[in-house]
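Welcome, and please take a moment to look over the sequence and the model below. The notes that follow walk through a few places in it, one at a time.

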2 protein chains.
Amino acid sequence: MDVTSGIGVPQETLDAEIKSFFESAPPLKNRDHICEKLKEFIDRNLLPSGNGNARRVVCVTSGGTTVPLERRCVRHIDNFSSGHRGAASTEHFIKAGYAVIFLHRRRTYQPYCRSLPEDPLLECFEVTDESNIQVRQSDSEALTRAITEHHAAVAENLLLKLPFNTIFEYLQMLQMIAISMTSLGAQAMFYLAAAVSDFYVPWTSMAEHKIQSASGPLDIRLVQVPKMLSVLRKVWAPMAYCISFKLETDTKILLEKADMALKKYKMHMVVANELSTRKEEVVVVTSNEKISVCRDKTQVGTDVENPLIRLIVERHSAYIENPDL
Amino acid sequence: MDVTSGIGVPQETLDAEIKSFFESAPPLKNRDHICEKLKEFIDRNLLPSGNGNARRVVCVTSGGTTVPLERRCVRHIDNFSSGHRGAASTEHFIKAGYAVIFLHRRRTYQPYCRSLPEDPLLECFEVTDESNIQVRQSDSEALTRAITEHHAAVAENLLLKLPFNTIFEYLQMLQMIAISMTSLGAQAMFYLAAAVSDFYVPWTSMAEHKIQSASGPLDIRLVQVPKMLSVLRKVWAPMAYCISFKLETDTKILLEKADMALKKYKMHMVVANELSTRKEEVVVVTSNEKISVCRDKTQVGTDVENPLIRLIVERHSAYIENPDL
């Protein structure tokens with residue numbers, strides 16, 4: 001009998017840690033509203049599409065989570081992630097016919113807006129003498145494309161954007177999404193590209209007020225965030241196709257850690273990437289393969305997400321045909 | 001003889017800490033470019049303006065600084081600050097005839113854009129049938145105002161925007177700005193609204209790679225960032241009018257801490273604000289006054305920065321008349 005969770009921690013300990021994480025987390029402020037939006041989005045995509053089947057739906061997570069150090073939050077620990085991977089992948093999934101729930105950190109890269117300047121409003125527009133706003137000629141094409149494609153995706157019910165900041169918000173929303181996607185069975189996918197905090201300060205042991213900078217150093221003790229990936233796979237979304245990401249700065253340990261994650265959390269696929277080359281190349285790790293996926297350098301303006309999503313869609317199709325393989 | 005820095009730490013210790021901070025900081029990547037832009041901006045504003053004097057120049061700092069926990073940065077500690085105060089104050093300073101160096105955290109609030117939706121590009125625009133981009137009627141006025149006023153400020157050389165992320169970038173840029181503003185004498189002002197980290201991990205003792213989440217808790221030891229306010233006042237910009245901010249979540253200790261900061265760092269003014277009421281009321285603390293400044297609730301769309309900047313401009317005028325008072 002399997003009495004461990006597969007990650008070296010007894011199942012009861014993990015269950016207790018997860019229970020304690022959720023019980024002590026500050027409740028989501030707009031839970032009912034999110035629930036409603038999710039239900040509507042899934043219901044519409046459950047209706048038979050062109051090929052007579054429900055549409056495939058992928059939850060793409062994107063950007064880093066924060067860990068508050070104080071309840072009335074002034075300071076927090078943040079995981080760096082621009083959200084570029086998640087935003088790019090969302091575009092490619094939609095192009096491939098998927099509906100996407102884009103669970104993203106506020107103010108990170110948004111789908112269709114990746115190639116625009118940091119502050120497009122002030123950099124791309126000008127006001128004419130007649131007080132009309134007009135787009136500068138040089139930016140016109142990129143802007144028209146961004147606005148058109150974004151509006152089309154939303155109008156066709158192919159894109160639902162849900163923002164988060166903290167690890168507490170992220171994990172509560174991920175759970176809600178997973179449960180709402182149950183009805184999709186194997187048509188559902190999780191593409192977990194967000195940079196999720198490994199450590200946090202439990203809400204119950206958190207300082208109420210701003211930590212004072214008295215003399216001397218500051219020592220902070222952080223505890224591990226319970227590994228939710230195994231719960232996602234086993235309990236929240238047992239039928240969904242699950243892909244997680246492994247980012248390291250040290251190439252030497254990257255593939256080994258990706259392999260470990262695959263087995264530990266029973267993922268269907270782990271995408272391994274190294275910080276400095278992540279926009280050029282990733283390695284797709286499955287139970288019996290390691291496939292290097294590279295950006296097509298012969299073409300201008302292509303992403304590594306282009307061949308990556310193509311490969312993933314193939315594997316997801318095979319999984320839908322035979323989920324038990 | 002004054003052998004302490006006025007903050008309970010011997011002057012030699014402080015000097016050594018500051019020297020060590022700057023020596024160990026990763027060098028600014030675009031130092032020469034920033035230097036050039038600063039010189040050009042100051043030079044243009046040194047030319048006599050309408051009243052025959054050089055223009056007053058204020059350096060407004062805005063947003064929070066980050067503290068990397070790893071050299072190839074994946075995780076960092078962040079100080080929360082939306083940058084709303086700095087962005088609003090910049091607008092009011094420009095209206096009052098100042099030129100503003102807006103030293104701001106990337107992706108925080110920008111002057112003239114505060115009242116726009118979070119993602120104005122996707123929320124305010126639509127594409128017509130003829131593939132023209134047009135502004136939705138309801139957002140037209142706010143957008144036209146934002147773009148017009150921003151372009152006017154930049155064109156008239158009244159706004160220079162310089163972005164930062166880390167505490168290392170922030171303090172090196174603040175030093176450069178202060179030194180470049182020396183020629184302005186008492187016409188120069190520092191309005192230090194940024195939320196600067198109190199603690200950091202020295203670059204020399206920082207992990208090279210991503211910290212691994214092995215079993216067990218993570219303990220982080222942070223050391224205090226040397227108090228640069230006293231160096232700014234004494235060495236970098238001894239003639240400038242200096243205003244710092246004190247933010248607390250606990251009202252009981254707020255005024256006391258503001259008073260301490262005024263004396264310790266020899267500020268001309270400290271603006272005390274409490275996290276939950278900071279958009280409605282602040283208390284201006286000087287050596288002989290405590291003035292409560294409130295937003296004018298009888299008028300729609302006004303900020304607390306409106307009366308605040310009015311008061312500051314008055315005090316700066318008096319200071320220019322007689323810097324020794």
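## A buried loop residue and its neighbour

B:G63 sits in the loop between β1 and β2 (66-68) of chain B; helices (H or I, at least four residues) and strands (E, at least two) are DSSP runs, numbered from the N terminus. With a relative accessibility of 1%, B:G63 counts as buried, where buried means under 20% relative accessible area, exposed over 50%, and partly exposed in between (1.4 Å probe, protein chains only). Setting aside neighbours within four places in sequence, B:G63 is in contact with B:S81, B:G83, B:R105, B:T108, B:F164, B:A194 and B:A195; contact means heavy atoms within 4.5 Å. From B:G63 to B:I101 there are 38 residues in sequence and 14 Å in space, C-alpha to C-alpha.

B:S62 belongs to strand β1 (residues 57-62) of chain B. B:S62 is buried too, with a relative accessible area of 1%. Not counting residues up to four places away in sequence, B:S62 touches a list of residues that includes B:G83, B:R105, B:F164 and B:A194.

## About the model

This is a predicted model, in which local features need pLDDT of at least 70 and side-chain atom pairs count only at pLDDT 80 or more, while totals for chains, interfaces and linings use all residues. Residues are numbered from 1 along each chain as its sequence is written, chains are lettered from A and ligands numbered from 1 in the order in which they are written, and side-chain values use heavy atoms, leaving out hydrogens and water.

## How the two chains are related

How can chain B be laid on chain A? A turn of 180° with a shift of 0.0 Å along the axis does it, giving an RMSD of 0.0 Å; copies are superposed by least squares on the C-alpha atoms of residues with pLDDT of at least 70 in both. That is the relation of a two-fold axis. In chain B, the C-alpha nearest the axis belongs to B:I77, 2.1 Å from it. The same surface serves both copies, as 100% of the contact residues of chain B recur in chain A.

## Two helices that cross

In chain A, the axes of helix α1 (residues 11-24) and helix α7 (residues 228-236) come within 11 Å and cross at roughly 95°. Axes here are lines fitted to C-alpha atoms, for helices over the stretch in contact, and angles run from 0 to 180 degrees between N-to-C directions. α1(A) and α7(A) are therefore roughly perpendicular to each other (angles under 35 degrees count as roughly parallel, over 145 as roughly antiparallel, 65 to 115 as roughly perpendicular and the rest as oblique).

On the α1(A) side, A:Q11, A:L14, A:I18, A:F21 and A:F22 meet A:M228, A:S230, A:V231, A:K234 and A:W236 in α7(A).

## A serine in a strand

A:S292 is found in strand β14 (residues 290-294) of chain A. A:S292 is partly exposed, at a relative accessible area of 43%. Its C-alpha is separated by 6.0 Å from that of A:V282, ten residues apart along the chain.

## Positive phi values

Most residues other than glycine have a negative phi. A:R107, although not a glycine, has a positive phi of about 65°. A:R107 lies in the loop between β4 (99-105) and α4 (120-124) of chain A and is partly exposed, with a relative accessible area of 40%.

A:N157 also has a positive phi, near 65°. A:N157 is placed in the loop between α5 (140-155) and β7 (159-164) of chain A, and at 14% relative accessibility A:N157 counts as buried.
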